[in-house]
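Subject: Structure handover

Hello,

Here is the structure for you to take over. Please load it first, then read the notes below it.

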Amino acid sequence: DNIDSEAVTTTLTVLPIPTAVITNANATICTGNTVTINLEGLANSTVVISDGTSNFNVVLNATGVGSYTSGPINADTTFVIVNATSDSAPSCEYTPIAGSTGSSVTIEVGVPDATISAAAAPDVCSGSGTSIAVQGTPNGVVTYTINGANPTTITLDNGGNATIQTGNLTASTTFALTNIELEDCSNTIEN
């Protein structure tokens, strides 16, 4: 007996597992301010983030970017990615490994601060200059004075660092930090 049989084939489509990362760096904000958490991942997927109390859904756009803006924050808060779900049928889910890169961001609440951490050369010859390292809250704008006058500002970088170049000095000179501002938050620095 010959049985006619037709070749039957099927194609299975493998759908991508969505991924998601928080692209913010840890930051300090003033009490009562809001923060925007920026996310990247699989286009059109839904990412669930948590502030430890509530979950929030963020739908990423066609380029895989989205954000969530919090309400006022009054205490240190860590935002974590709970999961990400693709918009495909069937939907695929991603759950990050706790502590993995980009799975969380910590927002500290407080006032910005800055200190003079070191002078490259605390003693210089007349007519010479040096540099003074300043450290503090990242992106803060620091005001300093020279011998109690001439308020000048410098901006700390993303790592919270800046350098004051003294120029050539001919007498003992005092550089003092007086204030730091970050967004709408200001802090007087006590010397």
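This is a predicted model: local features need pLDDT of at least 70, side-chain atom pairs count only at pLDDT 80 or more; totals for chains, interfaces and linings use all residues.

Ile132 is in contact with Ile116, Ala118, Ala119, Ala162, Thr163, Ile164, Thr166 and Phe175, leaving aside neighbours within four places in sequence. Ile132 sits in strand S11, residues 131-136. Its relative accessible area is 7%, so Ile132 is buried, the limit being under 20%.

Mean pLDDT for the protein chain is 91. Of its residues, 96% reach 70 or more. By element, strand S5 (residues 55-59) has the highest mean pLDDT, 98. S2 has the lowest, 82.

Cores

The largest nonpolar core has 19 residues. Those with the most contacts inside it are Ile37, Leu39, Val47, Ile49, Tyr68, Phe79 and Ile81. Six strands each supply at least two residues of this core: S1 (20-22), S3 (36-41), S4 (46-50), S5, S7 (77-85) and S9 (104-109).

What does Tyr68 touch, beyond residues up to four places away in sequence? The list is Val35, Thr36, Ile37, Ile49, Phe56, Val58 and Phe79.

The largest pocket holds about 260 Å³ of space. It is lined by 16 residues. Closest to its centre are Ala121, Pro122, Val124, Leu169 and Thr173. The lining of the largest pocket divides into nine nonpolar residues, six polar and one charged.

The second largest pocket holds about 200 Å³. Its lining has 13 residues. Asn26, Ala27, Thr28, Pro138 and Asn139 lie nearest the centre of the second largest pocket. Here the lining splits into six nonpolar, six polar and one charged. Which element gives the largest share of the lining of the second largest pocket? Strand S2 (residues 27-29) does, with three residues. Keep in mind that S2 is also the element with the lowest mean pLDDT, at 82.

Thr145 belongs to strand S12, residues 141-146. Is Thr145 buried or exposed? Its relative accessibility is 11%, and buried means under 20%, so Thr145 counts as buried. Beyond residues up to four places away in sequence, Thr145 touches Asn150, Pro151, Thr174, Phe175, Ala176 and Thr178.

Asn150, one of those contacts, is in strand S13. Asn150 is exposed, at 53% relative accessible area. Its phi is near 50°, a positive value in a residue other than glycine.

Asn147 lies in the loop between S12 and strand S13 (149-155). Phi of Asn147 is near 55°, also positive. Asn147 has a relative accessible area of 48%, so it is partly exposed: the exposed class needs over 50%.

Loops

A cis peptide bond runs from Ala89 to Pro90, with omega near 0°. Pro90 is in the loop between S7 and S8. For context on backbone geometry, most residues other than glycine have a negative phi, and most peptide bonds are trans.

Ala62 is in the loop between S5 and strand S6 (65-69). With a relative accessible area of 63%, Ala62 is exposed. Setting aside neighbours within four places in sequence, Ala62 is in contact with Ala43 and Asn44. Ala62 and Asn158 are 96 residues apart along the chain, and 29 Å separates their C-alpha atoms.

Ser100 lies in the loop between strand S8 (93-94) and S9. Ser100 is partly exposed, with a relative accessible area of 26%. Ser100 and Val21 are 79 residues apart in sequence. Their C-alpha atoms are 9.4 Å apart in space.

Over to you.

Best wishes

Key:
Residues are numbered from 1 along each chain as its sequence is written. Side-chain values use heavy atoms; hydrogens and water are left out. On a 1 Å grid over the protein atoms alone, a cavity is a set of points where a 1.4 Å probe fits but cannot get out, and a pocket is an open set with protein on both sides within 12 Å along at least five of seven lines; lining residues have an atom within 4 Å of a point. Grid points are joined across faces, edges and corners, and a volume is the space filled by probe spheres set on the points. Ala, Val, Leu, Ile, Met, Phe, Trp, Tyr, Cys and Pro count as nonpolar, Asp, Glu, Lys and Arg as charged, and the others, Gly among them, as polar. Helices (H or I, at least four residues) and strands (E, at least two) are DSSP runs, numbered from the N terminus. pLDDT is the predictor's confidence in each residue, from 0 to 100. A nonpolar core is a set of buried Ala, Val, Leu, Ile, Met, Phe, Trp, Tyr and Cys residues joined through side-chain atoms within 4.5 Å. Buried means under 20% relative accessible area, exposed over 50%, partly exposed in between (1.4 Å probe, protein chains only). Contact means heavy atoms within 4.5 Å.
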